[in-house]
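Subject: Structure for your review

Dear colleague,

Please find the structure below, handed over for your work. The findings follow directly after it.

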Amino acid sequence: MSLTIPHLLYGFFTLLILVTMIFRRGIVLPSLLGTFVIAWAYKGSIVSGFMAIFYANLVAAQELFSIFLIITFMLALLNALKDLRADVLMIQPVQKVMTNGHLSYFVLIIVTYCISLFFWPTPAVPLICALLVPAAIRSGLPAITAAVAITIAGQGMALSSDYIVQVAPALSAKAAGVETSIVADRSLVLSLITGITAAVLAYLFYRKSIRSKDDPRNQVEAEQIQDYDSSGHKAASKHLIKWSRIFAWLVPIVLLAVVGYMLYNKFFGSSELIGGEGAALVGGVAVILLLLATAVFGKRNALDYVGNHITNGFVFAFRAMGPVIPIAGFFFLGSAEFSKEILLVEEAPSFLFEIITSIQSFLPESTVFVAFSLLLVGIITGLDGSGFSGLPLTGALAASLESSSIDASTLAAIGQLGAIWAGGGALIAWSSLIAVAGFCGVSAIELVRKNFFPVIIGLGIATIAAVFIF
């Protein structure tokens, strides 16, 4: 097929966005400008260009609002548990098994992974760093190695699959035009391959730096950890300790029960609890737990406290994910499924797919080459420090590059892997990795350097595995 001026403009702005990411600058401006220019060129009307900016953001917001909602509810629950101090009691049993630095390294990885699957790593970092990292450091684990364990398990392994909340798989699947559950399953397998490989390699690389439990440097590093914070809400209950203990058991049991139900339904059930519906179940349960926790903590004040928790959750969600809306709007413009709503036309163009189709004959017909190309694009899109903003691009490319040898779901999972391991906070210093470095009292640049080779090797092995497994 022959490419038109709007196709060339879409290709130009896509490259511009990638180059902007490489130079570590924001990509919202070129995304909005690209939407305007492409719509103007396609419809031949500057008025249509102005309208396309609004409709692109509206369509993206409609598609992605469920993601903002689940983030809000999960963070609100975490804040309610902070008020009760139930989060402290939930973690205390784990501290008792941290008898030496070697064991502490793997305990940090396991606990961080489990908590981050439900609450995402960014809101979970203060909890882990305040309660577990001091215990790990006192057992002989250096603070920098503890930070490596947290970023690999949380920002990398848990977030790149996002199997429970399913924000990332939903973004990838939506752009690729495939089922969210398939992308979620494949990204889970690939994230585990990457994470386990990276965790083992990091341990082998840095095990000699682990100290004895009696080393005086342990206490010095432990004192550098940031103090734990709370919402400032005042307790109205006279039995706060009792309720803290109850919720320290109730919340993990209920959340594990939800996971168990979802797994049972997945393998043995007949209902349609997949993708976003699974996230909706988790979110709904989180809200009920939030209401109960706030009610026993604040009693009459719970009427205000619940609203505060929800508000803070939305603020966090929009701070973390807000820039994704205009970026997703631009990449949705390249998909026929959404471009008709953005451009207000009956016959919708598919700019990105048609561009890839026109140059596909010039690409080497190698499954491994295509897989590593998606991984590289994912890593590049993660350079903006988000990890999520590039998922519409990698998902759309996955749909365009699928073949009889490798399908769009696998390619979307590979692209998601690269984007989130890079931008989610494991490979670049201007991401949420800064929070881990800050709480652990280490240099963000040094943390990136420590993560780099274990993570890159893990990503390479996972990509090769994806070609042969799926």
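A polar contact, as used here, is a pair of N or O atoms within 3.5 Å; within protein, one must be able to donate a hydrogen and the other to accept it, and residues adjacent in sequence count only if both atoms are side-chain atoms. Helices are DSSP runs of H or I of at least four residues, numbered from the N terminus.

This is a predicted model, in which local features need pLDDT of at least 70 and side-chain atom pairs count only at pLDDT 80 or more, while totals for chains, interfaces and linings use all residues. Residues are numbered from 1 along each chain as its sequence is written, and side-chain values use heavy atoms, with hydrogens and water left out.

Helix α22 covers residues 444-469. At its start, a side-chain oxygen of S443 comes to within 3.3 Å of the backbone nitrogen of I445. The 26 residues of α22 reach 35 Å from first C-alpha to last, close to the 38 Å expected, where the expected span is 1.5 Å times one less than the number of residues. α22 bends by about 40° at F452, and the proline P454 follows within four residues. The bend at a residue is the angle between axes fitted to the seven residues ending there and the seven starting there.

Helix α3 (residues 46-84) is capped at its N-terminal end by S45, a side-chain oxygen of which lies 3.3 Å from the backbone nitrogen of V47. The end C-alpha atoms of α3 are 55 Å apart, which agrees with the 57 Å that its 39 residues should span. A kink of about 50° is centred on L64. After α3 comes R85, with a positive phi near 65°.

The largest nonpolar core has 152 residues, of which Y10, L108, V167 and F388 touch the most other members. Its largest share, 16 residues, comes from α3. Such a core is a set of buried Ala, Val, Leu, Ile, Met, Phe, Trp, Tyr and Cys residues joined through side-chain atoms within 4.5 Å; buried means under 20% relative accessible area, exposed over 50%, and partly exposed in between (1.4 Å probe, protein chains only).

V282, in helix α13 (residues 276-298), is buried, with a relative accessible area of 1%. Leaving aside neighbours within four places in sequence, V282 is in contact (heavy atoms within 4.5 Å) with I70, M74, I164, V258 and M262.

Finally, the structure holds 0 disulfides, a disulfide being a pair of cysteine sulfur atoms within 2.5 Å.

Yours sincerely

Terms used:
Helix = DSSP H or I, 4+ residues; strand = E, 2+ residues; numbered from the N terminus.
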